[in-house]
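Here is a short tour of two parts of a model.

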Amino acid sequence: MPKVTVDGQELDVPDGATVLQACELAGKEIPRFCYHERLSIAGNCRMCLVEVKPGPPKPQASCALPATEGQEIRTDSEMVKTAREGVMEFLLINHPLDCPICDQGGECDLQDQSVAYGRGATRYTANKRAVTEKYMGPLIKTVMTRCIHCTRCVRFSEEIAGVDEIGALYRGEDMQITTYLEQAAQHELSANVIDLCPVGALTSRPYAFEARPWELKKTLSIDVSDAMGANIRLDSRGREVMRALPRINDDVNEEWLSDKGRYQVDGLTKRRLDKVFMRKRGKLTEASWDEAFKAIAKAKPGKKIAAVAGDMVDCETMFAAKSLLGAMGSKLLEGRQTGMDYDVSNLAAVNFNTTFAGIERADAILIVGSHVRWEAALLNARIRKAVKNGAQVFVVGPEWETTYPATFLGEDLSVVSKLPKAAADAFKGAERPAMIMGGAALAKGALAGGLAFASKYKLVKKDWNGFNVLHFSAARMGGLMLGYAQKNGMADIAKAKPKVVLSLGADEMDFEPFADALKVYIGHHGDKGAHAADIILPAASYAEKDGTYVNSEGRVQFAEKAVFAPGDAREDWTILRALADALGVEVGFDTFDQLQSAMIKAVPALGEEGLANYGDLPKADSKAKAEGVIDAYPIKDFYLTNPIARASAVMQQCSAELLHGEEMREAAE
Amino acid sequence: MANRHIAPDTPELRERWGSFEWTKENKAKADWHIAKYPEGRAKSATMPLLDLAQRQVGAETDTQGWLPLPVIEYVAAYIDVPVIRVLEVATFYFMYNLVPVGKYHVQVCGTTPCMLRGSDDIIAACKKRGMAKGEVSEDGLWTLTEVECMGNCATAPMVQINDANYEDLTVERLDAVLDALTKGEEPKEGTQEPGRHTSEPSGGPTTLKDMVDANHDYRKEW
């Protein structure tokens, strides 16, 4: 622990800290552009200059200078002040004065720091450099004249995303940041470079010229596009969510967000169900709430009522539906829409036990039936970190493009019980072995085989639990905690022949077996579920209601309501509450608070934000073997996995251009 | 210099260079370069391989050579490095030509010492012979580039033509060199000043004169 003095204040800094970090520990603000905590150190913007003794009699870049014993650092001297003014003046030489038409305006590092550290006027009168725009795909808008060459975007795509596609071409004044041949950035985390860009060179294309940061209402929310539960901030103006940005949470998403979570929000205003619809003579026609409720009551479901939870519903909605069904005497609850029927008697066996942050420490990882890059893009970045720290990764399932070296062991699940020698050796020698089972493996009934693997290779040790199941529905873990699971999955629901099926935003389910039932869709988008429904009750999306979500690692998180639902749409729980009255039963709550406390009373873990404790893994049946061949992963199109994304023009464009661009070009030829 | 740009990615370019691969000798050389670095560090061989590729393109087209995009992609694939990383290198260094050049790439130094010693005349002389900056002359022989300091300030002004330097130039001496090249001869490299060997002071040594013929111990004279 070196002892340094910052502006006369003595302090101990951790070994390996830089002078910049030492200054921050001392509470001093150091301006910077290229330095970023999660990226490698570049030291090329020179904005973080400080005076350091002993050392050469000139200012030094604090981000790249290690803090050593006895250093005297000054951040407030005349030398530092003039150095910062000088760097600022140089940076602004070629930076256009177009802040009034720049989307970064109001949240721009260059703007803020030139106010704080610049000298207020330029002495440069010659022509400024201009750089042509570079196409980077449908999400990233570029104005490269504004670029100050911090190379954060280059380092992000190389280090975090693992897709080397952005680079700095030419040199000196002519340096230009671009993708190879201006191809679109093609990975699931590409838009994070927009947040990283300290100036307005890379801005959000869908959000271009939409709003200024100071006119937006900021609401803390949770991303529901996958089961990562990324912490997001919804920026809204009036009744419209303008954009979603990641919030920092080192346990979950660090400070990244997948492109889908970020850009599906424009789908919140499109294809919305904002009126009650009823199917009359085979055709969906507008109706009133009263009419709809009467029709449901007329079906006299009694015990024969079932509820199927969709992928994006919050726990409160599921609990409200559970209470309603409970009052009717039914237990027909299911959330695994596609018919999966894995054993949920012990939730630890279907949880991501290692935790997302913990997987970085694993030294051998077996991925079984999960296209991690698409099912949890942020987790893929974590696995990449593990690989960088020396982990070996093996994958069972069809090949996909990993962003790290990985060995594919074929598509046959039986390989899990008899690993090839190289993989077996890696797991025997591993200190912290981990396995990740995805939806494709669960669908083949490989859970027991996975547990057998876990006990064979001792995945559970003191302070380490390497057995993981990775879900990709934001509602999944919450649903399982609330009992949304039948022994044989959807098959049991179908077998019970319910008279009324409540689909809580369930769009992926098969409505075929319920042809005779009254299908009531309570959801927010006119998608597959609404097409099949007899009655549509318009409800709220995740942005339009408070709600609790549990992510794949069992982390309970709370999202807040950002905007009001459009038209006649209501928050889901109020619909279910009103339905209870129509059906003449008592559910025991009249307000959201009552509903929430009833839910927490029933499942106490949902009341505490943070990791839920599911106890130990069940004892594995050592004879259990995983069998079958994984022919495909459940996600066919990363950008179109849920009704909101499918309604989003941006996601449709991404899908067409980034995933099907090749086919389109071929067709054009 | 600021007008460096990558040759556009056209179907013709792909057709002409898409099937580029090392000749047998060059493959051996490429592998020799890669073998200089530890296993898995083939990335370190980016620069020699780009140079080798440029020379091979030069041999194929009877020019100094350049780096078409498919060739850059080939080099990147050969050492398993993302192509953008190789392109960064290729665009950074001026010795990699990004567009086609002539058989003789005349690089005239225009930095201060050479300029003071008359590089403007040299450039004018080149232009008079039909060369234009950044362009290939009609006969395919010449490309003119003005470059920054080549480190021959003691024998300024100078030009670099492909792998050879020609120093102590006057317009006449430059013409003689270029004429010789046109005829396919190999003019004398280095200084063109009669009686001068390399970059020693012109008109004979001015210091350490006693050292010219034999070793001399100056210490006694201090």
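Two strands pair if DSSP finds at least two bridges between them. With that in mind, A:Ala306 has A:Val501 as its bridge partner in S24(A). The model is a predicted one.

**An enclosed strand**

Strand S24 of chain A spans residues 500-504. Five of its five residues are buried, so the strand is largely enclosed by the rest of the structure. Both faces are covered. A:Val500, A:Leu502 and A:Leu504 lie on one side, and A:Val501 and A:Ser503 on the other.

| Partner of S24(A) | Residues | Sense | Bridges |
|---|---|---|---|
| S15(A) | residues 305-309 | parallel | five bridges |
| S25(A) | residues 518-523 | parallel | four bridges |

In S25(A), A:Leu518 is the bridge partner of A:Val500.

**Where chain A meets chain B**

On chain A, 15 residues are in contact with 21 residues of chain B. The two chains bury about 1,400 Å² between them, and 62% of that is on carbon and sulfur atoms. In chain A, the most area is lost by A:Tyr170, A:Arg171 and A:Tyr180, together 52% of what that side buries.

Polar links are present too. Eight residue pairs are in polar contact between the chains. There are two salt bridges. One of them joins the side chains of B:Arg85 and A:Glu158, at 3.2 Å from N to O.

Helix H4 (152-161), strand S7 (166-169) and strand S8 (176-179) of chain A each supply at least two residues of the side that touches chain B. S7(A) gives the most, with four residues. By class, this side of chain A has seven nonpolar, three polar and five charged residues.

Key. Residues are numbered from 1 along each chain as its sequence is written. Chains are lettered from A and ligands numbered from 1 in the order in which they are written. This is a predicted model: local features need pLDDT of at least 70, side-chain atom pairs count only at pLDDT 80 or more; totals for chains, interfaces and linings use all residues. Side-chain values use heavy atoms; hydrogens and water are left out. Buried means under 20% relative accessible area, exposed over 50%, partly exposed in between (1.4 Å probe, protein chains only). Contact means heavy atoms within 4.5 Å. Buried area is the accessible area (1.4 Å probe) that two parts lose on being put together, summed over both. A salt bridge is a side-chain nitrogen of Lys or Arg within 4 Å of a carboxyl oxygen of Asp or Glu. A polar contact is a pair of N or O atoms within 3.5 Å; within protein, one must be able to donate a hydrogen and the other to accept it, and residues adjacent in sequence count only if both atoms are side-chain atoms. Ala, Val, Leu, Ile, Met, Phe, Trp, Tyr, Cys and Pro count as nonpolar, Asp, Glu, Lys and Arg as charged, and the others, Gly among them, as polar.
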